[in-house]
Amino acid sequence: MILVTTDYVSGKETQMLGLVTGSTIQTKNLGRDITQSFKTLVGGELKAYNDMMNDARALATKRMVEKATELGADAVIAIRYSSAAVMQGAAEVVAYGTAVKFTN
């Protein structure tokens, strides 16, 4: 499966199959949340939250690809990501794009 943020795959003609999405809501455990709160006092990277968001993006992408595969897609083009805080320490990540099939 080819995944691109562009509106095309270079050298390929495509047939649009439709919008595909994947999403997840992730949170860290309370102990990690408290330790990350202390980190905000001294500054620096919040590694636990960075890891959480990386995991969330990977899972959302995986779910989007699964839906594209169900449609028989060869690629997903124009991929975008969106995230939003759902509650303290929890975030939703959505991956979306257009599933396409190669015609040449």
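Before you click on anything, one definition: a residue is buried under 20% relative accessible area, exposed over 50%, and partly exposed in between, using a 1.4 Å probe and protein chains only.

This is a predicted model, in which local features need pLDDT of at least 70 and side-chain atom pairs count only at pLDDT 80 or more, while totals for chains, interfaces and linings use all residues. Residues are numbered from 1 along each chain as its sequence is written, and side-chain values use heavy atoms, with hydrogens and water left out.

**The whole chain**

Start with a cartoon view. You will find two helices and four strands, arranged along the sequence as β-β-α-α-β-β. Helices (H or I, at least four residues) and strands (E, at least two) are DSSP runs, numbered from the N terminus. Of the 104 residues, 31% count as buried.

Now select strand E4, residues 90–102. Strand E2 (residues 14–27) pairs with E4 in the antiparallel sense over 13 bridges; two strands pair if DSSP finds at least two bridges between them. Zoom in on Gln 26 and you will see Ala 91 of E4 opposite.

**A stop at Thr 24**

Go back to strand E2 and pick Thr 24. Is Thr 24 buried or exposed? Thr 24 is buried, at 7% relative accessible area. Its side chain makes a polar contact with the side chain of Gln 26 at 2.9 Å. A polar contact is a pair of N or O atoms within 3.5 Å; within protein, one must be able to donate a hydrogen and the other to accept it, and residues adjacent in sequence count only if both atoms are side-chain atoms.

Leaving out residues up to four places away in sequence, Thr 24 touches several others, including Ala 56, Leu 59 and Arg 63. Contact here means heavy atoms within 4.5 Å.

**The nonpolar cores**

Show side chains for Val 20, Met 64, Ala 68 and Val 76. These have the most contacts inside the largest nonpolar core, which has 15 residues. Such a core is a set of buried Ala, Val, Leu, Ile, Met, Phe, Trp, Tyr and Cys residues joined through side-chain atoms within 4.5 Å. Helix H2 gives the largest share, seven residues. Center on Ala 68: beyond its neighbours within four places in sequence, Ala 68 is in contact with Met 1, Val 20, Ala 73, Val 76 and Ala 99. Apart from this core lies another, of five residues, among them Val 9, Ala 75, Ile 77 and Phe 102.

**Two salt bridges**

Finish with the charged pairs. The structure holds two salt bridges, each a side-chain nitrogen of Lys or Arg within 4 Å of a carboxyl oxygen of Asp or Glu.

Select Glu 66 and Lys 62, whose closest N and O atoms are 3.0 Å apart. They sit four residues apart in helix H2 (residues 47–70), so about one helical turn separates them. Glu 66 is partly exposed at 37%, and Lys 62 is partly exposed at 47%.

Then select Asp 74 and Lys 101, where the closest N and O atoms are 3.9 Å apart. This pair links distant parts of the chain, 27 residues apart: Asp 74 is in the loop between H2 and E3, and Lys 101 is in E4. Asp 74 is partly exposed at 26%, as is Lys 101 at 34%.
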